[in-house]
Amino acid sequence: QGERERLSSAEYQQPGKASCVSVNWTLGDSQLEVVNTATGQRRDSGTPSRLCKRALFTRWNRLYRKSGIHVSGSVERQLMYCEAKMAARSYQTVKQQWFRSLQEMGLGTWVKKPPEQEQFLLSD
């Protein structure tokens with residue numbers, strides 16, 4: 001059986017239990033990425049997912065450097081992940097709207113991760 005058949009088979013997921021995998025693919029990828037949701041690691045190699053914060057921040061940082069746009073005080077130093085997110089005003093506006101919508105719809109409050117998870121620099 002191929003990966004696709006196993007992901008959709010009835011014995012792969014127990015009824016009433018959340019899946020322990022996440023599957024992602026984007027245009028240009030040669031294959032699906034299957035990630036263990038408990039660890040964030042790829043099931044085939046044990047390496048971090050291409051969607052992990054560090055990988056996405058690396059891609060953002062490449063675009064940021066090419067753009068020539070700089071966050072105040074960031075020219076002489078590297079931004080931490082949390083600083084880059086806070087500087088993204090459109091992102092912050094939409095995020096706050098999302099949080100309000102969740103509450104207004106009676107769906108509860110967004111669970112925030114510990115701030116330490118967003119306090120990292122990229123190694124060059």
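Me: Which residues form one aromatic cluster?
Reply: Phe57, Trp60, Tyr64, Tyr81 and Phe120 make up one cluster of aromatic residues. Keep in mind that this is a predicted model.

Me: How many aromatic pairs does the structure hold?
Reply: Seven aromatic pairs are found in the structure. In one of them, the ring centres of Phe57 and Tyr81 are 5.4 Å apart with the planes at 80°, so that pair is edge-to-face.

Me: Where do Phe57 and Tyr81 sit in the chain?
Reply: Phe57 is in helix α2 and Tyr81 is in helix α3, which covers residues 81–87. They are 24 residues apart, and the pair links distant parts of the chain.

Me: Buried or exposed, those two?
Reply: Phe57 and Tyr81 are both buried.

Me: And why is the pair of Phe57 and Phe120 edge-to-face?
Reply: Because the planes of Phe57 and Phe120 are at 85°, with the ring centres 5.9 Å apart, the pair counts as edge-to-face. Phe120 lies in the segment after α4 (89–104), 63 residues from Phe57 in helix α2, so this pair also joins distant parts of the chain. Phe120 is buried, as is Phe57.

Me: Stay in helix α2 for a moment. What does the side chain of Ser67 reach?
Reply: The Ser67 side chain comes to 2.8 Å from the backbone oxygen of Tyr64. Ser67 itself belongs to helix α2. With a relative accessibility of 39%, Ser67 counts as partly exposed.

Me: Let me zoom out. How many helices and strands are in the chain?
Reply: The chain has four helices and two strands. Their order along the sequence is α-β-β-α-α-α.

Me: What share of the residues is buried?
Reply: Of the 124 residues in the chain, 19% are buried.

Me: Which side chain makes a polar contact with the side chain of Arg42?
Reply: That is Glu33, with its side chain in polar contact with the Arg42 side chain at 3.4 Å. Leaving out neighbours within four places in sequence, Arg42 is in contact with Gln31, Glu33, Val34, Val35, Thr47, Pro48 and Ser49.

Me: Why does Lys85 count as buried?
Reply: Lys85 is buried because its relative accessible area is 16%. This lysine sits in helix α3. Apart from residues up to four places away in sequence, Lys85 touches Tyr91, Gln92 and Glu118.

Me: Now the surface. Which residues make the nonpolar patch?
Reply: Val23, Trp25, Leu27 and Leu32 make a nonpolar surface patch of about 430 Å².

Me: Where is the place of Leu27?
Reply: Leu27 is in the loop between β1 (21–24) and β2 (33–36). With 81% relative accessibility, Leu27 counts as exposed.

Key. Residues numbered from 1 in each chain as written. Predicted model: local features only at pLDDT ≥ 70, side-chain atom pairs only at ≥ 80, totals over all residues. Heavy atoms only, no water. Patch = residues over 30% accessible without salt bridge, like charges linked within 9 Å, V, L, I, M, F, W, Y side chains within 5 Å. Areas by Shrake-Rupley, 256 points an atom, 1.4 Å probe, with all protein chains shown as cover. Salt bridge = Lys/Arg side-chain N within 4 Å of Asp/Glu carboxyl O. Buried < 20%, exposed > 50% of the residue type's maximum accessible area, 1.4 Å probe, protein only. Polar contact = N/O pair within 3.5 Å; in protein donor to acceptor, adjacent residues only side chain to side chain. Contact = heavy atoms within 4.5 Å. Phe/Tyr/Trp six-rings, centres within 6.5 Å; stacked < 30°, edge-to-face > 60°.
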